[in-house]
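Here are my notes after a pass through the model you sent over.

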Amino acid sequence: MNESLLTAFLTAAVRVATPLLLAALGETVSERGGVINLGIEGAMLAGALGAALGATAGGPWAGVLAAIAGGLLVSAAFAAIAIGADADQIITGTAMTLASIGLTGAIYRSAYGTAGVGLSLPTLPVVVVPGLSDIPVVGPAFFQQSALTYIAYLLVPVLWWSLFRTRFGLTLRASGESAEHARAAGVRVTRVRVIGVLIGGALAGLAGASLVLAQVGTFAEKMTAGRGFIAIAIVVLGSWHPGRVFGAALFFGAAMALQFLLQSFLLGVPYQVFLLLPYLLTLLVLAGVVGQVRAPAGLGKG
Amino acid sequence: MNPAVRSLLSAVAAMGVGLAVLALGLTLSGYDAIAALSAMGAGAFGSPDAILSAVLPRAIPLILIGLGIGLAFRGGALNIGAEGQFYAGAIAATWVGLLVGGWTSGLGATWARLVTVPMVLLAAVIAGMLWAAVPVILKLRFGVLEVISTLLLNFVGEALVSWMVQGPLQESKHIYPQSDLLPVAARLPQLPGTRLHLGLALALLLAVTLWAFGRWTLAGFALRATGANPVAAAVVGHINTRRVFGLALLGSGALAGLAGGAEVSGTTFALFQNLSPGYGFTGIAVALLAQLNPLATIGTGLLFAALEAGASGMQRDAGVPAIAVYVVEATIIIVVIVAEARRRRVALRAAGGEV
């Protein structure tokens, strides 16, 4: 494989990995607090629609803000039901994703008409990081991306520090291990968990923005196509640590980008094989790692 | 109050809240809510044809999948993957239907059908069960949460259908992304002049069977005990909860697979992409609204079929995208689980527990 092809592949891998990384980092925060949120698929979708509406109205950065708002809205609803009313987290998350599919579909059609096909949005420019992007092969792949990718890079150490070196992180993790013990120690578990879920929702919204404004350049119904669910698998694979989640997200970005690379080599293989590859890989890898990692003990419990 | 009456009332209330949320959302996004809801009503109940050809055929996959999800949930398995299991069944049914339909054509119409249709449906059941065996193994052998594995397999199933209809099972002219039409021998008989097929009788029969199984057999008791409290079931009842979990999930996959087979063999007669308009997810709402009760699942399956048939009418006659109906389903799910969480807290408090 020649060098420029490898660089092109890695560039695609990082671009595809960015929304997965953002959503998975957010879900890491939420799950460290003991809340598993299947609704981030819906929050990402709401973020994607927010990005489209915002970018149409006021350019790509307005799109980014609207995307965060969209993700926050969906996760706030999730928090109210799953934490406030103490309903089952898995089913609430599924319902939030369903509601998001319905709402985004209806709003999208009322905003852009039934045609809507070929909607072309202003996108975020590629920012070249001077110096770092000159590193051979990997430089251009990692440092010629949109600003959202760099935000995702920065979030990795920021979230690691917040989770493991701050008081908030300690109370969040305590709530995730045992709500009862944390409560006995004076932690306001409900409040801490809601904050964790909202951070998760904001980042899922941002993930939707990166999908629309840095990857696809348009919106379509159900466009997240399970990326939120893959992000949840990435959190497990990354054993709830931001650094390892970063590695796991890159792995999946590479698996998804593989189709661009392999399709030009293996002409006889139908492209759907590459479509299902990332999902099968996720299952295989999960089977391999789950025995070795430990989830927050109170995950999914009220 | 009689528990059956109470659950019926709460189902109607949940439906009412769902429709109210839809009306509110439509008004806020600039649609005419009254026109939309009346188009919805007409789409579902406006004519005998609407009921026989739109509502009842849709109820068949919803009841079957709802029964399966109810079974899985009662056994403590959160099966979010009925969509994938449905597709596995549909692929197997199409393949067997095309293959066996050719062999049996010499038997004469009646005999050919009597031989072929059961084989088609059996293939669908086996495929759905095998599809569900993957998350069972992943959970019991490797500890992977079935929620995540069943979800991911939905996308694998969709991609597989997409490959089949553009590859091995594509129609003979290789133009359209769909399979050939199944031969008549492989089709479930329809009520003449309508789209209603024999799958409805099958769904009703299975609902009654599952209800009787849950009520009168020891295995049914083990199922309920495991779902209610796996630790107590294992410690006090000496129930093998891993076995119950696995069997419930396999049975759930079999029912979703059968739904896929019946859809191909009774309604569409061909495999194509997006064969399921989200039956696997609607099935969750169907099961939850029925409080996982097989007999009540018949009623809630019909209710959601009417809702979805009405949604198509709404899109056709009032210009409201049918996808908006997901909002109603989500609202119903939420009303039901919030009410259940409340009941649990009240019961806990009555028992003197910490809340």
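1. Reading from the N terminus, the order is α-α-α-α-α-α-α-α-α-α-α-α-α. Keep in mind that this is a predicted model.

2. On overall dimensions, the C-alpha atoms of chain B fill a box of roughly 70 × 55 × 35 Å along the principal axes. The radius of gyration of chain B is 21 Å, which agrees with the value near 20 Å that a compact globule of 355 residues would have. As for burial, 55% of the 355 residues of chain B count as buried.

3. One residue I stopped at is B:Pro177, which sits in the loop between helix 6 (146–164) and helix 7 (199–216) of chain B. Setting aside neighbours within four places in sequence, B:Pro177 has contacts with B:Val165, B:Gln166, B:Phe272 and B:Gln273. B:Tyr279 is another matter: 102 residues from B:Pro177 in sequence, and 21 Å away in space, C-alpha to C-alpha.

4. Now the pairing of the chains. Here 39 residues of chain A are in contact with 38 residues of chain B. On the chain A side, helix 3 (89–112), helix 9 (227–237) and helix 11 (271–289) each supply at least two residues. Helix 3 of chain A gives the largest share of that side, 16 residues. By type, the chain A side divides into 26 nonpolar, nine polar and four charged residues.

5. Last, a helix pair within chain A. The axes of helix 5 (residues 147–165) and helix 6 (residues 167–177) of chain A come within 5 Å and cross at roughly 70 degrees. That angle is why helix 5 of chain A counts as roughly perpendicular to helix 6 of chain A. Which residues meet there? From helix 5 of chain A come A:Ser162, A:Leu163, A:Phe164 and A:Arg165, and from helix 6 of chain A come A:Phe168, A:Gly169, A:Leu172 and A:Arg173. The residues of this contact divide into four nonpolar, two polar and two charged.

Note on methods: Residues are numbered from 1 along each chain as its sequence is written. Chains are lettered from A and ligands numbered from 1 in the order in which they are written. This is a predicted model: local features need pLDDT of at least 70, side-chain atom pairs count only at pLDDT 80 or more; totals for chains, interfaces and linings use all residues. Two residues are in contact if their C-beta atoms, placed from the backbone, lie within 7 Å. Helices (H or I, at least four residues) and strands (E, at least two) are DSSP runs, numbered from the N terminus. Ala, Val, Leu, Ile, Met, Phe, Trp, Tyr, Cys and Pro count as nonpolar, Asp, Glu, Lys and Arg as charged, and the others, Gly among them, as polar. The radius of gyration is taken over C-alpha atoms; the globule rule is 2.2 Å times the number of residues to the power 0.38. A residue is buried if 20 or more other C-beta atoms lie within 10 Å of its own, exposed if 12 or fewer, and partly exposed in between; C-beta atoms are placed from the backbone. Axes are lines fitted to C-alpha atoms, for helices over the stretch in contact, and angles run from 0 to 180 degrees between N-to-C directions. Angles under 35 degrees count as roughly parallel, over 145 as roughly antiparallel, 65 to 115 as roughly perpendicular and the rest as oblique.
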